Amino acid sequence: MERAIITHAHSDHARPGHSSVLASPATLALMRARLGADRAGGSQQALGWGEVIRVGGVEVSLAPAGHVLGSAQIVLDHAGSRVVVSGDYKRRPDPTCDGFEPIACDVFVTEATFALPVFRHPDPAHEIARLLASVALFPDRTHVVGCYALGKCQRLIALLREAGWDAPIHLHGALASLCAVYEDQGVHLGPLKPATGLARDALKGAIVLAPPSAVTDRWARRLSEPVVALASGWMRVRQRAKSRGVELPLVISDHADWDELNETVDEVGAPEIWVTHGREEALIHCVGARGVRGRALRLVGYGDEDDEGLGPEEARAADAVDVLA
Amino acid sequence: MIAFADLLERLVFTPGRNAKIALLRRYFATQPDPDRGIGLAAVTGELSLTVAKPALIRDLAASRTDPALFAWSYDYVGDLAETVALMWPEAETNAPPPTLSEVVETLEGSAKADLPSIVSAWLDASDASVRLALLKLITGGLRVGASARLAKIALAEIASFPVDPDEIEEIWHGLAPPYLPLFAWLEGRGPKPDPLHAPVFRPPMLAHPLEAADLASLNAADYRAEWKWDGIRVQLVATAEGRRIYSRGADDVSAAFPEIVEAMAFDAVLDGELLVVRDGAVAPFADLQQRLNRKVVGAKMMRDYPVAVRLYDILFEAGADLRPLPFDERRRRLQAWYERVRPRLMDLSPMIPFATLDELCAIRADARAASIEGLMLKRGDSAYVPGRPKGQWWKWKRDPLTIDAVLMYAQRGHGKRSSYYSDYTFGLWRRDAAGADELVPVGKAYSGFTDQELGWLDKWVRNHTTARFGPVREVEKSFVLEIAFDAAQLSGRHKSGVALRFPRVARLRPDKPAHEADRLETLMALVENRPSGVQQAA
C-alpha cells in the first residue's frame, strides 16, 4: 500500500512494506519491534488520541480500541458524516492499554470475531483465580499458558499481578521482546524471566507463558509435567478446547463478546454497520431486529481463524486500510 | 454445584490419572456433606437422574432465545446442552446457584409439569459451567472423565489415617448416597461402616501373564493348574441380606443374569467364570456378549444364550473369611461345599494334573478348544490377596498372541462400511518422560468382529467421542479391545517402536477397566521373544 492507517500491531493487521504508515505511537513502536524499523513503513507518522490530520478531503483521527497496547479505532469525518472503523476491540478494563471509547457515528465498521451468543466471556479475574487454584493444587507441576505474544501475554501478566502473583513469570523467548516494548511504553509487568536454560525442577510450581503453538509441542518437554493452559475466547466451547489438547482452558479474550458487540453498536448509534472478521450473519440478524442496517464486509485474504492463538496469524491478511481502499 | 461443575470440567480436560485423583481428592476434602456424597455418586455412576428429555431443553431454549441465533449457535457448538448452557441469557437474580443435593432432592419430589420452571430458575441463577453440569445431569448425559476406582483411591487419600482403596471397595456396595458414614469414618469422626451381611464386592486376586523367562524359574510342585476359561470373571456374593453378581471391575451385573441370581441359594462368596454353556459345551465368547450390558433380560435371551458359572475359588463360606487360607485348602473347602450344596447352573473348574513343566507345556499346546484361553497356574500356598501379587498366580494363554488395548481413535470405513466407524486405532500404556501413564497407539484393526459387534462399536464411538478430525474421531480412553495378532515386530516408523502383524479384534472387553489394559512393555517383551520378526518385516 502507498498509504496505510494501521489499527494495531497484530501481524494480520500490520503488514510490512507500506510506503507511508499512520498509527498510534505505541503501535508504531510495536511494529518496529516486530517487523524491524525499516519494514514497519517507509515513512511512519504517529497520531496521538484526538489529533486530527487531513487526508484528501477526509479528516482522520484515532481513538483507543482497548484491544492491545496502541490499538486504535479510525475515525473518518467528511462533509458532516462520520465513519468509525473499530479494528479489533474489547470493552473490559485492561491495565495494559487504553480503554475503548465509543464514538457516535453514521457508519460503524465492527469486528465480529465472537459474534455468536454462545460467546460471553467470564470475568477474567475468575479465570485467573482458576489458574492460581490449579497452581496450588499441583505445586510440583509447571503451568504453561498458551497466549498470543502481543497483548494477551502482557494482559495475563497484569491480571496475575492484580491477583497478587508477585513471583517471577517465565517467558518463552518469542514473548520477551514485546514485553520489553510494553515496559518502554510505561506498562509495568513485574519480574519476568526466561523459561529456557533452567533445570526442569526449577520451574516446578511456576507459571510459564508461551505462544499457543509451543505449549503442546516439543518446546514444552523442558517443563516439569506441565499443565497446559490456553487463554482464548475460543476456550468457551469444549470441542475447541479439547481439540487443542488443553488441560486447563482459560476463557480470556481481547475481543468484545456477543453482548459487548451488541452494546457497542447501540452505543455508537450508527444507523448502519459493516461487519467483518467473524460471524457476520448473527450480528446482522440481531441488530436488524433493532432497526440497524448491517452489511457483511468480506475482507481480502480473510481467514477463518482469529488471532487468539488458534490459527496462523498470517492467515488473516486483512488490514484496516483495505476497508478504505 | 459450582465446585461439582468445576470438577467435571477439569476431569474432562485432564488426561493424567494422578491429576484426576488430585482433583477428586480436593473435591471430597473441601466440599460439605451431603453435596460431596452426591458428587461421589455421580462420579461412580450410582446416581441416575434421567428426568428430562432433550425436548425439554429445546423448549427451554426456545423460550429464551431467538430461533435463528439458536440454530447458528447449535450448528457451531454441536451439542444441545452445551449450546443452551452457553447462550442462556443472563438474568437479574440474586438467587445463588442450586446445590447438588438441592437439585437431586427437588427433582425427586417434583411433578413433570413443574420441571421447566424449576430448571429455568436454576439456569438463571447459574453460570455457564454450572448450567452445563445441570443440563447434563438432568438429561442423564453426564459423562465423568474418571472411573469409580479413581474416586475410591481419592477417598482413601483424604482419610486422616492410612486407608487402602480396597478397604473402601469392600464396604462400597453396603453404602448408599450421600455416604455420610463413609466420610465420617475417613475423617476420623465415626467408626468404619460395617457392611455386616450386606452382599458387598471383594477386590479380586489377579494373575500375571506368564512369559518364557518366568516359566523356567517355576517349580512345578509349587503350582496347581486349571484351564483359563474364555468368559468373564464374576464374583458371586450371596448372604442373608441379598445376592449380587459383580464383574471384576466391581460393577453389579446381577440384573443381566437373573437365572444365576436365582440359583444362588447359599451363603458364600465365590470366584468363577461366567460362560454360555449349551448341552455341556462352552459356547464362543461372542455368545456371552449377547448377555452383557443388559438391564433386563427376556425369557428368549435366557433360552438362546444359557449361562452358567464355572467356579474356581471360595472367599467366604457362611460368613467366615477364607481368603487367608492357602489355595489348596480353599480348593478343598470349595469342593466340599460344592458336593454339599450342589448349586444349579454351576460346576467346578477342574484341576489339571501334571508332574513336570514340560508336561504342562504339552497340555497347553494341545488345548485347542475355543472356550479355553490357556492355563492358569496358581501357587498351592497362595492366600487370596486383592490385586496382582507377584509370583502367586500366572495366566498362560495359548497362541495366537493377544493384548488388551485401549480404543483411542476410530475412523469411518469404506464402501459398505462408509457409515460405520470400523477402523480402530488402539494403544497401550507406557510411562511418559514425566513418569505418568500415557497411551501410545500400537496399531489399527478393522476386522475380527461380527456385524453385530460392529454396530455396537459404532454406536459406542459416536456416544463417546471427545474430538473429531475429519473422518477420525477420538474417543474416551475407556474401552478395552482384546487384539489378536500373529507377531510383534520392531519398527522405526511407529511412535511406539513396534508394529503388529495382522492385528484383529479378538473380542470386545466392556468388562475390563481401561487402566488394566496391557502396557507397552508387555508387547515389547513379545517382540524380544521373536527376534526373527525383525527380518520378516523387511
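Modeller: Happy to! Helices (H or I, at least four residues) and strands (E, at least two) are DSSP runs, numbered from the N terminus. The model is predicted, so to speak of local features needs pLDDT of at least 70, side-chain atom pairs count only at pLDDT 80 or more, and totals for chains, interfaces and linings use all residues. Residues are numbered from 1 along each chain as its sequence is written, chains are lettered from A and ligands numbered from 1 in the order in which they are written, and side-chain values use heavy atoms, with hydrogens and water left out.

Let's start with the peptide bonds. Most residues other than glycine have a negative phi, and most peptide bonds are trans. B:Asp33 and B:Pro34 are joined by a cis peptide bond, with omega at about -5°. You will find B:Pro34 in the loop that runs between α2 (17-30) and α3 (35-43) of chain B. Another cis bond links B:Pro177 to B:Pro178, and here omega is about 0°. B:Pro178 sits in the loop between α11 (165-172) and α12 (180-186) of chain B.

For phi, look at B:Ala318: its value is positive, about 50°, although this residue is not a glycine. B:Ala318 belongs to the loop that separates β7 (307-317) from β8 (320-321) in chain B.

Rings of Phe, Tyr and Trp (its six-membered ring) pair if their centres lie within 6.5 Å; planes under 30 degrees apart count as stacked, over 60 as edge-to-face and the rest as tilted. Over all chains, this rule gives 19 aromatic pairs. In one of them, B:Tyr424 and B:Phe449 have ring centres 5.6 Å apart and planes at 75°, so they meet edge-to-face. B:Phe449 is in the loop between β15 (437-445) and α19 (451-463) of chain B, while B:Tyr424 lies in strand β14 (residues 421-431), so the pair ties together parts that are 25 residues apart in sequence.

Strands pair if DSSP finds at least two bridges between them; β1(A) and β2 (residues 20-23) of chain A have three, in the parallel sense. Among the partners, A:Ala4 bridges to A:Val21 in β2(A).
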